[in-house]
Amino acid sequence: MSTTTSTAMPVTAPDDALDDPPVVTTPWDDLLSPAGPTTVHDVSAALDDLAHLQARIDALEGEKLLTVERARRAAVRCKPDLLAGEQLRVQRAGTARQHELARRAFVADVATTLRVSERQADHLVETARTLTSSGSATLAELCRGRIGSRQATAMADVLAELPDAQARAAVQADALPRAATATPAQFRSFLRRARDRAHPEPFTVRHARVAAKRGVFVDPAPDGMAWLSAYLPATTAHAAHDRLSTAARTARDAGDPRTLAQLRADTLAALLLAGAEGDVADDLAGEHVPDLADHARRITPRVQVTVPVMALLGRTADPAELTGHGAIDPETAAALTAQAPSMRRLLVDPITGELLSADPDTYTVPAALRAYLQARDGSCRFPGCTRPAPRCDVDHTLAWAGGGRTTADNLAHLCRRHHKLGLWHTRRRGLSSRAARPSTGGRARTTPTASTARCGAARR
């Protein structure tokens, strides 16, 4: 790996620096625009430097967590000193109250030291405590610069939710290998699935408890706007979003100039406020309220669920998977399966997980194979992209014109943007693919493709 280093000259600011800031002279211009011709190898070298710098930053984030935990443990040992200014209140407080007062005092110290809110400081303290006690392997990878701080924080958040050490160890062993190549959003999704598999409490019991907390909330935003959010069961939320999206795309196809995001918002307002009186309803919903609301009501929302056949027969505890989300409770999956107008059977090899019934000698991807690929990939396979597979193209890894076959191991979902992106290619590396960059010039990357899928029934 080639590297480029540069040292900026230190600048001493005068006392009136805020009124008349000095001109900082550094070699930045030469660094940003080096003299002489450049090649693609220079681009690769700069990206290598960027990767090395990010690893150093991540390692420092790990060191920061260790320092926070060292300070917390020291604070526990000198709790009387932390509460020295509150002796009267402390004397009247019980042991638990004294512990809480000392903890709040320490969190306030961390917040003022790092110039963050006490809420952020509290989360940092808990992240450090969780990783040092239950996530040492994750913390070690962070300190080596091999994973990002956001991935480590996501791991800590999940570990803190689990009730026993065995479940925490299982989640860490299951998910940590993905942390080095997944974006924070992708890693949180995988963590959610790992947590569902490892949690000792039955999925149905957990779902019933949190479903009782469902609600709708409104939060202010600048410039006369506000956020309206709803906490709902996953299947309900995805079905509602599908109805809004279908109505929005139909309106766009009919020539409506608004963006899909605007149309989703206006359709939601139209459905909620249609029939309301007053100018406020018209202002919030938009000028096409009757059309959008009437059209949206006629749409049957659709969700896709992959259900293991043996689970439907009651012979396995494997959860069903809601496309674009993750596991859902068995009762909801069974109800959706019973209501489905049709089912698609996907037969897969029990050892390799590959689809058995497909014709590899046709260019067009058969419907059964397409359904299998959607269940396998879940989303666009470009690193970091989360566009759902049903809204992506199915791309031949080895081009059909070059002898590629229409088989699961030669196909991957790519969204239209990444399908047409030049200078990148898809490469499958056995059953477990991962993102990689070649050591020489060129912008080639390996797009990961999922390697397993259950034999199951998918709602269309």
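Buried means under 20% relative accessible area, exposed means over 50%, and partly exposed lies in between (1.4 Å probe, protein chains only). This is a predicted model, in which local features need pLDDT of at least 70 and side-chain atom pairs count only at pLDDT 80 or more, while totals for chains, interfaces and linings use all residues. Residues are numbered from 1 along each chain as its sequence is written, and side-chain values use heavy atoms, with hydrogens and water left out.

**Exercise 1. State what share of the 460 residues is buried, and describe the protein as a whole.**

Solution. 
- Step 1: of the 460 residues in the protein, 34% are buried.
- Step 2: turn to secondary structure, where helices (H or I, at least four residues) and strands (E, at least two) are DSSP runs numbered from the N terminus. The protein has 19 helices and nine strands.
- Step 3: look at contacts, meaning heavy atoms within 4.5 Å. Among contacts with a separation of 6 or more, 56% are between residues 24 or more positions apart.
- Step 4: consider the surface, with accessible areas from the Shrake-Rupley method with a 1.4 Å probe (for residues, only the protein chains shown count as cover).

**Exercise 2. Find which residues form a nonpolar patch on the surface, and which elements supply them.**

Solution. 
- Step 1: apply the patch rule, which takes residues with over 30% relative accessible area and no salt bridge, joining like charges within 9 Å and nonpolar side chains (Val, Leu, Ile, Met, Phe, Trp, Tyr) within 5 Å.
- Step 2: the nonpolar patch consists of Val 216, Val 218, Leu 228, Leu 268 and Leu 272, with about 490 Å² of accessible area together.
- Step 3: at least two patch residues come from each of β1 (215–221) and α13 (260–273).
- Step 4: take one member, Val 216, in strand β1. Val 216 counts as exposed because its relative accessible area is 60%.

**Exercise 3. Decide whether Ala 152 is buried or exposed, and list what it touches.**

Solution. 
- Step 1: locate Ala 152 in helix α8 (residues 149–161).
- Step 2: its relative accessibility is 1%, so Ala 152 is buried.
- Step 3: leaving out residues up to four places away in sequence, Ala 152 touches Leu 131, Thr 138, Leu 142 and Ile 147.
- Step 4: for Leu 131, which is 21 residues from Ala 152 along the chain, the C-alpha separation is 8.2 Å.

**Exercise 4. Count the salt bridges and examine pairs that link distant parts of the chain.**

Solution. 
- Step 1: use the rule that a salt bridge is a side-chain nitrogen of Lys or Arg within 4 Å of a carboxyl oxygen of Asp or Glu. The count is 16 salt bridges.
- Step 2: Glu 161 and Arg 195 form one, at 3.0 Å from N to O. This pair connects helix α8, which holds Glu 161, to helix α10 (residues 184–198), which holds Arg 195, across 34 residues. Glu 161 is partly exposed because its relative accessible area is 48%.
- Step 3: Asp 196 and Arg 206 form another, at 3.3 Å from N to O. Here helix α10, with Asp 196, is linked to helix α11 (residues 203–211), with Arg 206, and the partners are ten residues apart. Both Asp 196 and Arg 206 are buried.
- Step 4: in the bridge between Arg 416 and Asp 393, the closest N and O atoms are 2.6 Å apart. Arg 416 belongs to helix α19 (residues 416–419) and Asp 393 to strand β7 (residues 393–396), 23 residues apart. At 49% relative accessible area, Arg 416 is partly exposed, whereas Asp 393, at 17%, is buried.

**Exercise 5. Identify where Arg 115 and Asp 223, two residues with positive phi, lie.**

Solution. 
- Step 1: recall that most residues other than glycine have a negative phi.
- Step 2: Arg 115, not a glycine, has a positive phi of about 60°. Arg 115 sits in the loop between α5 (95–114) and α6 (118–134), and its relative accessible area of 74% makes it exposed.
- Step 3: Asp 223, also not a glycine, has a positive phi near 60°. Asp 223 is in the loop between β1 and β2 (225–231), and is exposed at 77% relative accessible area.
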